[in-house]
Amino acid sequence: MGRLKVGKRMEDKTSLKDNKGKSISENEIKGEAKEKFHKYIELIKEQDEEKKEYIVDGALLRCSCATRGKRKIKVDSTEMLSKPTNVEENSKIYIENRKESINGQTPAGVTDSLGGMRGEEEKGEKGQEGEEERVNIVSFGNCTFIPDGEDLDKLLKSQNLMGKKEEIIEAIKEGKGTCYCFMKLNEEWENLLIPESNVEEKRDLPKAGHDKIRYSSYMRFNGIKGITLSSTLFCKFGQGIIRASKSGQTGRRVYIPEEIEGKVRGKDKTLKPWENWGVPSQYKEHPKMAVPDADGRYTVSVGPRVIDPNYPDDGKIWKDDFGEYPIIRVVLRHKETGEEKVIECKIDNIKAHSYNTYQDPEKGDENNSAYFDVENGYVQTGILYPNTTGAHTPFAEDNIDSSVIEFSGHNVDFEYKEYELEGVFVIEE
């Protein structure tokens, strides 16, 4: 299934808003910042579909006017060195937990723009109404808009911050950088316009490994319009342009079809892996109950191509074929309430009965064959990989259960049948 096709050429959107909602036009961006702005717009026009990834909590941001290098600031009659620390952590976007998520991660929205010391103050005012408990952006280091060796009092007077002098000196000593001290962000992020489309795809979330985008316009999460890798945030102090270098979304998505058509002994058969995604184990040696381990992870079996999408059709399903098993994140959705549930799983076995074609070697007619229209190695079909060795039944007709996840326990400690599959993600540790 391909992604929704969106042309590379997009409309220019070259106006930004100040923190009162007033538009800052392109003409108000001066000098070097204006040149950077034009280069950025040209770059965005050429971005590919990956730039439609939605930003989530922890995404790494960057600012066009920031540096991690040391800068000098003149404080009264002495020079102070601003040496930023923990810049990478401070440059991430932080979002408080919200009800809606993308694959278990909290999505950012256009209003997630509280930054630096001024954002801390605004947060405090809004906190009385139950708003964010922390700023979204701490600091990008030092601001290159400030000349090296600039007089602090001059900066403070220009920004009407003389009353914050001691607080700013302390912040610089703490390694927060001049960016934290003077950052002044727009009230909202800017989203580039997306060409309109009447195409609507069914029930798919935005990508980090997702195959489709639900709409051609920006999706809303928790009532807030989301932001993507092509979104920008403008700093009115240093005229910096802020955007995400990574979406923050993690994991390789495993594509699992909603329904799979097939034939078993000449009769039509439909598999529904979204609905019947998980099953308990039938192995006697497994415990009575599947429960998370000390790391909060269930032990499971999955098909070979969940682990390795390039696993060959003539593979023997030996453990040595795979090396160290990855961690699997399974995103579920309650069938009635729509509530999302995310579980992490570690792998202890491979589902060998996940092939798509079986033909009895002695009886070649359709009454002794089975076929499912699905790639090998993902879903339990009851058909064994042909070159698998050991005491396995080549075609276990009673074992056609459509499952993607098999728990290593005879029961599971939550009502797994009440949930349907939203996504499976492989987390490389």
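This is a predicted model: local features need pLDDT of at least 70, side-chain atom pairs count only at pLDDT 80 or more; totals for chains, interfaces and linings use all residues.
The largest nonpolar core has 47 residues. Those with the most contacts inside this core are Trp 277, Tyr 298, Val 330, Phe 407, Phe 414 and Leu 421. Elements that give two or more residues to the core include the strands β14 (260-264), β18 (297-302), β19 (327-334) and β20 (340-350), as well as α7 (304-307). Another core, of 43 residues, lies apart from it; among its members are Val 135, Leu 155, Met 183 and Leu 233. In soluble globular proteins, nonpolar side chains tend to be buried together.

Tyr 298 has contacts with residues beyond four places away in sequence, and these are Ala 290, Val 291, Pro 292, Ile 343, Glu 344, Cys 345, Lys 346, Phe 407, Val 412, Asp 413 and Phe 414. Tyr 298 also belongs to one aromatic cluster together with Trp 277, Phe 407, Phe 414, Tyr 416 and Tyr 419.

Across the whole structure, 15 aromatic pairs are found. In the pair of Trp 277 and Tyr 416, the ring centres are 6.3 Å apart and the planes stand at 90°, so the arrangement is edge-to-face. Trp 277 lies in the loop between β15 and β16 (278-279), and Tyr 416 in the loop between β24 (411-412) and β25; the pair therefore ties together parts that are 139 residues apart in sequence. Both partners are buried, Trp 277 with a relative accessible area of 1% and Tyr 416 with one of 14%. Tyr 416 forms a tilted pair with Phe 407, at 6.3 Å centre to centre and with 50° between the planes. Phe 407 is likewise buried, with a relative accessible area of 1%.

Two lysines are placed over aromatic faces. Lys 341 lies over the face of Phe 414, at 4.8 Å from the ring centre, and Lys 176 lies over that of Tyr 180, at 4.4 Å from the ring centre.

An open sheet of 3 strands runs in the order β3-β12-β11, with antiparallel pairing. The edges are formed by β3 (61-63) and β11 (233-234); each has a single partner strand, so one side of each is left without a neighbour in the sheet. The antiparallel pairing of β3 with β12 (residues 241-244) extends over 3 bridges, and Leu 61 stands opposite Ala 244 in β12.

Helix α5 (residues 165-173) has Lys 165, Ile 168, Ile 169, Ala 171 and Ile 172 as its buried residues. These cover an arc of only 160° around the axis, which puts them on the same side of α5. Glu 166 and Lys 173, on the other side of α5, are exposed. Just after the helix, Gly 175 takes a positive phi of about 85°.

A positive phi of about 50° is also found at Asn 86, although this residue is not a glycine. Asn 86 is located in the loop between β6 (78-82) and α2 (87-90) and is exposed, at 58% relative accessibility. Arg 265, again not a glycine, has a positive phi of about 50°. The place of Arg 265 is the loop between β14 and β15 (267-271), and its relative accessibility of 31% makes it partly exposed.

Glu 150 is part of strand β8 (residues 150-151). Glu 150 is buried, with a relative accessible area of 15%. Residues up to four places away in sequence aside, Glu 150 touches Lys 72, Ile 73, Lys 74 and Leu 155.

Note on methods: Residues are numbered from 1 along each chain as its sequence is written. Side-chain values use heavy atoms; hydrogens and water are left out. Two strands pair if DSSP finds at least two bridges between them. Helices (H or I, at least four residues) and strands (E, at least two) are DSSP runs, numbered from the N terminus. A nonpolar core is a set of buried Ala, Val, Leu, Ile, Met, Phe, Trp, Tyr and Cys residues joined through side-chain atoms within 4.5 Å. Buried means under 20% relative accessible area, exposed over 50%, partly exposed in between (1.4 Å probe, protein chains only). Contact means heavy atoms within 4.5 Å. The arc is that of the directions from the helix axis to the C-beta atoms. Rings of Phe, Tyr and Trp (its six-membered ring) pair if their centres lie within 6.5 Å; planes under 30 degrees apart count as stacked, over 60 as edge-to-face and the rest as tilted. A charge sits over a ring if NZ of Lys or CZ of Arg is within 6 Å of the ring centre and within 35 degrees of the ring normal.
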